[in-house]
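Trainee: Could you take me through one residue of this protein in close detail, and then show me how it sits within the whole chain?

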Amino acid sequence: MTDFFVRLAGAADRPAIERLWLMFRHDMSEFDSLLPNADATFRSERLHSAFTDADWAPYLFTSGERPAGFAFVRNLAGQARVLNSFFVVRGARRSGLGLRAVQDVIARHPGPWEIAFQDANTGAVAFWRRVAAEIAGDRWTEERRPVPGRPDVPPDAWISFTA
């Protein structure tokens with residue numbers, strides 16, 4: 001995909017990212033066993049924070065004029081940036097777009113980074129380990145941390161590195 005772009009999302013991009021959010025949460029429901037709300041939406045606190053909290057940054061990925069994914073970065077003023085949410089539509093996966101997108105987002109915020117994922121999501125496990133190795137070589141760590149407020153689910157895996 002040569003016409004691929006990553007850009008900071010603005011208010012005009014929010015409707016597209018809200019629709020991508022539903023796809024993302026649908027994909028994630030396989031791993032967190034959460035059903036949608038009665039109105040067929042999912043919790044969206046992170047989506048709201050990405051557009052309203054000064055310590056967050058939302059990014060939109062596009063291929064030409066078409067939305068291809070998004071990323072939310074939080075803790076911009078903190079010790080380590082956190083890639084809070086990351087999504088690439090299925091039609092663009094395994095094309096290299098995801099790796100290019102995350103490299104672009106991380107390059108915009110140099111310093112320490114943390115990224116969480118679920119061990120049950122085998123595609124994410126391989127992807128995030130590859131990202132860490134591509135960006136930090138062998139200077140990255142991985143640990144398990146309990147999911148806050150969810151003692152019923154396995155701990156998240158967290159990768160940490162400096163870019």
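Mentor: Happy to! Let's begin with a term: a residue is buried if its relative accessible area is under 20%, exposed if over 50%, and partly exposed in between, using a 1.4 Å probe and protein chains only. By that cut-off Asn84, with a relative accessible area of 17%, is buried. Keep in mind that this is a predicted model, where local features need pLDDT of at least 70 and side-chain atom pairs count only at pLDDT 80 or more, while totals for chains, interfaces and linings use all residues. Numbering runs from 1 along each chain as its sequence is written, and side-chain values use heavy atoms, without hydrogens or water.

Asn84 belongs to strand β4, which covers residues 81-88; strands are DSSP runs of E with at least two residues, helices are runs of H or I with at least four, and both are numbered from the N terminus. Setting aside neighbours within four places in sequence, Asn84 is in contact (heavy atoms within 4.5 Å) with Arg46, Trp56, Phe72 and Arg74. The side chain of Asn84 also makes a polar contact of 3.1 Å with that of Ser85. Such a contact is a pair of N or O atoms within 3.5 Å; within protein, one must be able to donate a hydrogen and the other to accept it, and residues adjacent in sequence count only if both atoms are side-chain atoms.

Now for the wider view. The protein has four helices and seven strands, arranged along the sequence as β-α-α-β-β-β-α-β-α-β-β. Of its 163 residues, 42% count as buried. Among contacts with a separation of 6 or more, 57% come from residues 24 or more positions apart.
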